[in-house]
Amino acid sequence: MRVTFRLNGEATVIEAEPRQSLADAVRAAGFTGTHHGCEHGVCGACTLRVDGVAVRGCLMLAVQAEGAEVVTVEGLDAPDLKAAFVRHNALQCGFCTPGMLMTAAELLESGHVPDRAEIRDHLSGSYCRCTGYQAIVDSVEEVAQARHGAKP
Amino acid sequence: MTQIGRALPRPNARRLVEGAGRFVGDLTPPRMLHAVFVRSPYAHAVITGMDLDAARAAPGVVAVYDGADMATQITPWVGVLTHMVGMRSPPQPALAVGHTHWQGEPVVMIVASSRALAEDAAELVTVDYDPLPPVTDMEAALAPDAPVIHPDLGSNLCWEKRIDVGAVDVAFADPANTVVERRFVFGRHTGVTLEPRVITADYDAAQDQLTVNYSGQVPHMMQEVLATHLGLPQSQVRIVAQDVGGSFGIKIHTYGDEVAACAAARLLRRPVQFAADRYESFQSDIHARDHRVTARAAMAPDGRLLAVDVDDITGIGPYSVYPRSSAIEGNQVINLIGAPYTLPAYRARLRVVFQTKVPTCQYRAVGHPIAMAVMEGLMDDLAAATGRDPVVLREMNLIPDDAYPVRSPQGMLYADLSHQACLTRLKELMGYDALCAERDAMRARGVHRGIGIVSMVEITNPSPMFYGVGGAPVAAQDGAVVRLDASGAVHLSSSVTEQGQGTETILAQIAADVLGLRAEDIRVQTGDTAHMPYGGGTWASRGAGIGGEAMRAASVALRAQVLELAGAVLQCPPSALALAGGAIIDAASSTERMTLRELAQMVYFRGNELPAGQAAELIASRHFRVEGMPFVFSNGAMASYVEVDVETGLVTLLNHWVVEDVGTILNPKLVDEQIRGGVVQGIGGALFEECLFSDDGQLLTATMADYLVPMAGEMPDIEIAHVVTPTSTSALGAKGAGEAGTSGASGAVMNAVNDALRPLGAQISQMPMTPERILRSLGLVP
């Protein structure tokens, strides 16, 4: 089926089988930052944003993206967040990282400075097997405070 | 500025946050096919027939292969090590031939133009099975009347080992001594790498060359394994491991499905990719830690530990995994129990048992969490039995920091360790006395909190005495090449791979230190057997200690070349020169004499300006292996603080502290984050993770919804401090950090939970400590 949507800001037309997931479709379109970890909505590695909302790319069909604005990690405009992840070493293998960034970006746009417990809670749909999470929480906390001018 | 010790960020992290990773599943060479496996639905069965015609005729299908087909392409392997005398394991085929031995064993491979079409075709495969009795329980498997999984072997025992040193019976018989005994049960865990196993094989018939991109840790080992079992010259097999989405030891083993995908690529002369889905990874990635340990300890009236006696039985599935063998874990359990302490007498019996379950093998901190949890559990029991403070009892028994080298009753040679300093630092870090007071005050209010302490030893930097002597094609050394290009820039290549632990960064720091550069200015390449020196890759915490030492030595050799060349050009002795800031300087005055670029341009473009006979070399290679010691051990101490809800059985982690001695710290940020990740994997084993099977051998935890791994919301912040005792086996002094966190965390959490339960007269000795098991220990559920 023909699906027309905006992918990382560009008008995109793809041919998708009805059973093809959105994650598979964006990967086939060359945006391989979206990863498959479990393919049943648990691990969060495939998280991308559809019309501003973080969704599981493995649980959404490509055809459901008709007319939508889809953003993957390649199109995520959050240089401060990405820089904080690098600075804090908030990633090791980097496989969960795109999903983690998409999830964190959503929280950071919520308009307030979350505390560490809220950050941990918000990130709990994204599994990281390498870091122990702490550096990720540090990064998100630091960016939230910087964006809102809050003192650490 | 010294480069070693800087908390430098990883250059490859920048690529990964942009979604520009190069994971194997991201590669789509033209004409690539996808392999899918039909796996055994039974734990144990005879294959009586199969019908593959419908699958062969399905849309998109290019080939369908069964075990017999693959047996003509791939020789079977045997996962035993010759130095582990008496170990047995039958030849293992890539795909099952005639029998299946675990639920999930690959039986038929479908190769099709897409994964979806291959899965469609897999649905059309009919395999007829005649089920055999499953052999699931490791103790029942040893009963005289148990069904024998491999009839030729005569029993289900893979290997047995005994250690008996010192006056064990005397210590336990003396009524003046305190004796404690416990039976521990450790559930099966698995690695759950977020990226499942994936391999893309491509065969160039014109050159008889197999190129394999794989998500793994040991490219040179895979080169040897594939060459041997596919019947290719090793020089015709190239393995490339770029970004790897988690490994933790899961990706150092030989998997039949991966080898079969390589065989298919050769048969079909097209690229073939096999990417396990999550269901398959639970069924086919190695499991680990399936142990039942009965242990007792005897302590003199003055608090001195006198003897430990352990019986460890471990189930490994139907085959010892090739080429490292599945007996290593149990061997490390019985070798490491009691490691931090002065222990005069020790007895152990290990039995490694075949079962019809997913094979088990090495996974992060092989055997360590079991050994540490057992010994530290006994220490807490001894403390409780005699009313001693657990920390004081440990302080009385730790091997003194000035006593090394020390040989343990198991024959392990320990050197350069710092148990006393680590425990002292840990007490400070956690505020031990105040924390005990807080715990006691909370208890008085009906809040059940507990503190758990662990002292630990980790095996790192293994020498050839580990695998090489046993005949496994696993390199104990690692190699490094350092070269200067025509612009004067330094390029490194190393046989140690990068899985996110920061290998490439620390190698750059090491070379930069020697060559007077900034680490940021150095380029590093890893992971390609065609372009890097031979070596072991990434396992057993050896990247810094072995790969790093090789890099240091190669850098020193390049520095000597540069200074000799520069001395010849500048007409001064090399000893009068030094390197700094990308230039050759006068050693005494620090005045710049010429830049590396100027020297390189002279060597590469204007060799006529060099004195006659002067070697035009700007490249050095060195390899390093540990000598004189079988291993370089690291050590540390950990503490956990938990709250147990005695009505729900839920454990809340309040704090976790780690003091670790990894020797010279090359990059504190990377070390700390690796330790934190390791701690969380250890906590996973303590509280959440378990591969469960039904009595007939069906895997019950085959999805991420069933198999729980720790998430951000459940984990506490983890405080880390260091004691630094460089290893005397190398110039750099680096030990390994990869196992550290995982080794002690689960024991610390178990001790903390038991500290919380002790006033209630309860104790738990089974991991994971699920709410149900905690309630059972409290007698609240049957």
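Me: Which residue in S23(B) is the bridge partner of B:Ser493?

Reply: This is a predicted model, in which local features need pLDDT of at least 70, side-chain atom pairs count only at pLDDT 80 or more, and totals for chains, interfaces and linings use all residues. Residues are numbered from 1 along each chain as its sequence is written, chains are lettered from A and ligands numbered from 1 in the order in which they are written, and side-chain values use heavy atoms, with hydrogens and water left out. Helices (H or I, at least four residues) and strands (E, at least two) are DSSP runs, numbered from the N terminus. Two strands pair if DSSP finds at least two bridges between them. Here, the partner of B:Ser493 is B:Gln525 in S23(B). Strand S22(B) and strand S23 (residues 523-526) of chain B are parallel, with 4 bridges.

Me: Which strand runs antiparallel to S22(B)?

Reply: Strand S21 (residues 478-484) of chain B does, joined to S22(B) by 5 bridges.

Me: Is S22(B) buried or exposed?

Reply: A residue is buried under 20% relative accessible area, exposed over 50% and partly exposed in between (1.4 Å probe, protein chains only). Strand S22 (residues 490-494) of chain B is mostly covered, with 5 of its 5 residues buried. One face carries B:Val490, B:Leu492 and B:Ser494, while B:His491 and B:Ser493 are on the other.

Me: How is a pair of aromatic rings described?

Reply: The distance of the centres and the angle of the planes describe such a pair. Rings of Phe, Tyr and Trp (its six-membered ring) pair if their centres lie within 6.5 Å; planes under 30 degrees apart count as stacked, over 60 as edge-to-face and the rest as tilted. The whole structure holds 12 aromatic pairs over all chains. One of them, B:Phe37 with B:Phe274, is edge-to-face, at 4.9 Å centre to centre and 85 degrees between the planes. Both B:Phe37 and B:Phe274 are buried.
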